[in-house]
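Please read them with the structure open.

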Amino acid sequence: MRCGPLCQLLCLWLCLSCVEAVPMQKIQDDTKVLIKTIITRINGISHMSVSKYMVTGLDFLPGFQSVLGLSMMNELLETYQKILINLPSRNLMQISNDMENLQHLLQLLASSKGCHFQQAEGLQSLKGSILEASLYSTEVVVLNGLKAFLQTMLRQLEFSPEC
């Protein structure tokens with residue numbers, strides 16, 4: 001007597017019943033550590049010590065938000081990620097990779113709370129004159145904004161934000 005599919009299903013069920021889910025507190029802690037790592041990487045870029053740069057035309061950068069839900073955090077991360085990948089600096093490659101990983105951790109946190117994210121609107125093409133005209137200054141302004149956002153995000157994660 002062959003029990004092919006039924007036996008496979010029972011074996012799979014047995015294996016899955018022994019697997020433990022990752023606690024959400026662990027994911028939240030990993031998220032906080034990754035945020036601190038990104039902030040440290042931003043601080044490690046040599047020209048980031050000068051923070052008084054002004055660049056006109058960067059009004060698409062997200063502004064300061066005092067209270068952030070998980071969906072707003074994701075939307076702002078996505079916006080900064082789209083900006084970072086359009087800046088040609090080699091300093092930003094690891095930060096961009098970390099940002100992508102941070103988005104995945106944030107999505108895990110959100111899915112545990114039943115949150116659903118939408119794609120960030122706008123910013124389809126950033127290859128315009130703003131980013132090309134003053135790359136150095138734009139990089140400093142964007143990274144300073146990102147750092148301030150990440151610090152706010154870190155504080156908000158202490159309170160286990162909702163959707």
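1. A nonpolar core here means a set of buried Ala, Val, Leu, Ile, Met, Phe, Trp, Tyr and Cys residues joined through side-chain atoms within 4.5 Å. Buried means under 20% relative accessible area, exposed over 50%, and partly exposed in between (1.4 Å probe, protein chains only). The largest such core has 33 residues, and Ile-95, Leu-146, Phe-149, Leu-150 and Met-153 have the most contacts inside it. Helices H2 (24–44), H3 (70–84), H4 (93–112) and H6 (135–157) each give two or more residues to this core; H6 supplies the largest share, 8 residues.

2. The model is predicted: local features need pLDDT of at least 70, side-chain atom pairs count only at pLDDT 80 or more, and totals for chains, interfaces and linings use all residues. Residues are numbered from 1 along each chain as its sequence is written, and side-chain values use heavy atoms, with hydrogens and water left out.

3. The protein chain has 6 helices and 0 strands (DSSP runs numbered from the N terminus: helices H or I, at least four residues; strands E, at least two). Of its 163 residues, 40% are buried.

4. The whole structure holds 1 disulfide, a pair of cysteine sulfur atoms within 2.5 Å. Cys-115 and Cys-163 form it, with their sulfur atoms 1.8 Å apart. Cys-115 lies in the loop between H4 and H5 (129–133) and Cys-163 in the segment after H6, so the pair ties together parts 48 residues apart in sequence. Cys-115 is buried at 8% relative accessibility, whereas Cys-163 is partly exposed at 41%.
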